[in-house]
Amino acid sequence: MPSVVILISGRGSNLQALIDHATQTSEYQIRAVISNRPKAAGLDLARAAGLPTAVLDHTAFDSREAFDAALAEQIDRFDSDWVVLAGFMRVLTPGFVQRYLGRLINIHPSLLPAFPGLKTHQQALDAGVRVHGATVHFVTPELDHGPIVDQAVVQVLPGDTAETLAARVLKLEHVLFPRALADLCSGRLRWSADQTTQTVQGALAAPLL
Ligand code: GAR
């Protein structure tokens with residue numbers, strides 16, 4: 001069964017969705033959960049599910065390079081096929097990204113390439129878009145720009161605030177993320193790279209609206 005290490009920084013609601021899917025379907029096995037924040041609530045969810053956890057507090061490191069080197073060492077202990085960023089709020093160095101290129105994925109709360117970075121729901125409201133959503137993508141050295149694996153869409157409703165919009169998007173993230181990971185694990189979708197481009201190939205399931 002394909003194996004996965006999941007990186008988190010906080011609440012862990014996407015982690016829980018990934019755990020639930022693994023339990024229900026056996027499409028992948030979660031080998032460990034690693035957090036860069038010792039107090040991340042997601043660590044308790046991982047422990048409750050009986051998963052090995054590790055904490056690597058980024059504030060204890062002098063540089064991004066030093067933190068990423070230690071993180072890679074932790075990840076490699078678990079010898080996993082996939083490395084999954086589920087609300088992992090650290091920018092990763094190019095060296096780290098290169099090491100896991102093609103098996104490192106992230107979920108981002110916007111319809112990329114729109115609204116990379118932080119405060120994506122407020123960015124969407126400020127831009128006046130009528131639809132918004134979430135994206136699962138491969139991680140490449142340029143932040144929030146890797147090949148898109150799958151996306152899910154919500155309508156922006158009159159009176160939406162960043163909070164109400166975030167809540168609707170998050171619900172969809174919990175369906176989108178496990179499904180995208182399972183599609184990659186099964187080979188239904190796959191990373192394809194030549195010298196100049198990186199893309200995702202394969203048959204997508206029905207759109208998640
Ligand atoms: C999710 O909305 C995820 O898309 C976002 O952080 C939240 C984590 O929530 N990720 C990013 O913004 C990455 N740039 P969770 O801890 O409850 O899964």
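Trainee: A polar contact is a pair of N or O atoms within 3.5 Å; within protein, one must be able to donate a hydrogen and the other to accept it, and residues adjacent in sequence count only if both atoms are side-chain atoms. Which side chain does Asp150 join in this way?

Mentor: The partner is the side chain of Arg179, with a polar contact of 3.1 Å. The model is predicted, with local features needing pLDDT of at least 70 and side-chain atom pairs pLDDT 80 or more, whereas totals for chains, interfaces and linings use all residues. Residues are numbered from 1 along each chain as its sequence is written, and side-chain values use heavy atoms, without hydrogens and water.

Trainee: What else does Asp150 touch?

Mentor: Besides Arg179, Asp150 has contacts with Ala134, Thr135, Val136, Leu176, Ala180 and Leu204, leaving aside residues up to four places away in sequence. Contact means heavy atoms within 4.5 Å.

Trainee: In which strand does Asp150 lie?

Mentor: Asp150 belongs to β7; strands are DSSP runs of E, at least two residues, numbered from the N terminus.

Trainee: And what is the strand order of the sheet?

Mentor: The sheet is open, and its seven strands follow the order β3-β2-β1-β4-β5-β6-β7, with mixed pairing. Its edges are β3 (53-55) and β7 (148-155), each of which pairs on one side only. Pairing requires at least two DSSP bridges between two strands.

Trainee: How many bridges join β4 to β5?

Mentor: Three bridges link β4 (residues 82-85) with β5 (residues 104-108), and the two strands run parallel. Val83 has Leu104 as its bridge partner in β5.

Methods: Helices (H or I, at least four residues) and strands (E, at least two) are DSSP runs, numbered from the N terminus.
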